[in-house]
Amino acid sequence: RPDESFFAFLFGQGSSYETIRSQFREALSDASVKAIVFDIDSPGGEVDGLFDLVDEIYQAKGTKPIYAIANENTYSAAYAIASAADKIFLPRTGGVGSIGIIAVHMDQSGWDEKIGVRYTPIYSGARKNDFSVHEPLSDEALVSAQARIDSLYDLFVDTVARNRGMKVEDVRATEAGLYYGREAVTKGLADMVQPWGLAVNTIIQENKKKGGSNQMAIKEDLETMMKEHPDEMATALSGMGFVLAGNNKLMNPEDLERATSESASAAHS
């Protein structure tokens, strides 16, 4: 397990969407967390609340690096969550996909009859009893259910296409199939085939490099602000232990003292 102050690992299996959302928000606001990793092993989940969570993860991209590791199964709703990450890893035997929607109506009227039980629904509103398990599904109820499934499927396909930068028709062409290892990468549903440990190491190395470049970018931004607002910035930064050296370069006191000493030694030599 890598340094927990560097990562926030969010686990997919058996977690409610609200729990995942809470953990995600906490990781985003924790300054000690440099990257967020969704460690997922899940066949999927319910539609209710899913796409709001996926949108929140997607909209947070750029705030901190976000990764997903299929460890090993990441299907359906679990894949919707993974698709919002910056990068998806999976092992050779890991699977992703199942981009589709399914609902099942159980008709147990035959069983009721067999055990000698008859249910008599009493209701108002012609469609109120559409999906009773004690009666066969009516044609009208089937049409209504199919329309709902198709609408949710369109939302799922559009969401994955947006998240992964894919064409809608390419996502739809997966036909809710399951894809493993290299084929998942070829289909555009994942980015890299690596076992869990190697994937974590890759993430660590990526963010070590980003950390250095981000520090330089911040330093350059501060120096630019020093040029534009020298008095205000000098006052603010002095309270944090920094001083302004020549050419508006920021240095901490130890570095400035060392640089001054080295300059003086060079002048006497």
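**Exercise 1. In which loop does Ser 76 lie?**

Solution. The model is predicted: local features need pLDDT of at least 70, side-chain atom pairs count only at pLDDT 80 or more, and totals for chains, interfaces and linings use all residues. Residues are numbered from 1 along each chain as its sequence is written, and side-chain values use heavy atoms, with hydrogens and water left out.

Step 1. Helices (H or I, at least four residues) and strands (E, at least two) are DSSP runs, numbered from the N terminus. Ser 76 belongs to the loop between S3 and H3.

Step 2. Although Ser 76 is not a glycine, its phi is positive, at about 55°.

Step 3. Burial is judged by relative accessible area: buried means under 20%, exposed over 50%, and partly exposed in between (1.4 Å probe, protein chains only). Ser 76 has 15% relative accessibility and therefore counts as buried.

**Exercise 2. Determine whether Glu 175 is buried or exposed, and state where it lies.**

Solution. Step 1. Glu 175 lies in the loop between helix H6 (168–172) and strand S6 (178–180).

Step 2. Its phi is near 55°, a positive value in a residue other than glycine.

Step 3. Because its relative accessibility is 61%, Glu 175 counts as exposed.

**Exercise 3. Describe helix H1 and explain how its buried residues are arranged.**

Solution. Step 1. Helix H1 covers residues 17–29, which is 13 residues. From its first C-alpha to its last it reaches 18 Å, close to the 18 Å expected at 1.5 Å a residue; the expected span is 1.5 Å times one less than the number of residues.

Step 2. The buried residues of H1 are Tyr 17, Ile 20, Arg 21, Phe 24 and Ala 27.

Step 3. Seen down the axis of H1, these buried residues fall within an arc of 130°, so they line one face of the helix. The arc is that of the directions from the helix axis to the C-beta atoms.

Step 4. An α-helix has 3.6 residues a turn, so residues three or four places apart point the same way.

Step 5. Glu 26 and Ser 29, on the other side of H1, are exposed.

**Exercise 4. Identify the residues with the most contacts inside the largest nonpolar core, and the elements that contribute to this core.**

Solution. Step 1. A nonpolar core is a set of buried Ala, Val, Leu, Ile, Met, Phe, Trp, Tyr and Cys residues joined through side-chain atoms within 4.5 Å. The largest one has 44 residues, and those with the most contacts inside it are Phe 38, Leu 50, Ile 57, Tyr 79, Ile 81 and Ile 99.

Step 2. Among the elements that give two or more residues to this core are H1, strand S2 (35–42), helix H2 (50–59), strand S3 (66–75) and helix H3 (77–83). H5 gives the most, with seven residues.

Step 3. Contact means heavy atoms within 4.5 Å. Not counting residues up to four places away in sequence, Leu 50 touches Tyr 17, Ala 77, Ala 80 and Ile 81.

Step 4. A second, separate core has nine residues, including Ala 35, Ile 69, Val 200 and Ile 204.

**Exercise 5. State which residues of H2 are buried, and examine the aromatic pair formed by Phe 51 and Phe 156.**

Solution. Step 1. Leu 50, Phe 51, Leu 53, Val 54, Glu 56 and Ile 57 are buried in H2. Their cover includes H1, S2, S3, H3 and H5.

Step 2. The structure holds three aromatic pairs. Rings of Phe, Tyr and Trp (its six-membered ring) pair if their centres lie within 6.5 Å; planes under 30 degrees apart count as stacked, over 60 as edge-to-face and the rest as tilted.

Step 3. The ring centres of Phe 51 and Phe 156 are 5.8 Å apart and the planes stand at 70°, so the pair is edge-to-face.

Step 4. This pair links distant parts of the chain, with Phe 51 in helix H2 and Phe 156 in helix H5, 105 residues apart. Both Phe 51 and Phe 156 are buried.

**Exercise 6. Characterise strand S3 through Ile 66 and Glu 72.**

Solution. Step 1. Ile 66 is placed in strand S3, and at 0% relative accessibility it counts as buried.

Step 2. Not counting residues up to four places away in sequence, Ile 66 touches several residues, among them Phe 24, Ile 36, Phe 38 and Ile 57. Ile 66 and Phe 38 are 28 residues apart in sequence and 7.8 Å apart in space, C-alpha to C-alpha.

Step 3. Glu 72 also lies in strand S3. The peptide bond from Asn 71 to Glu 72 is cis, with omega near 10°.
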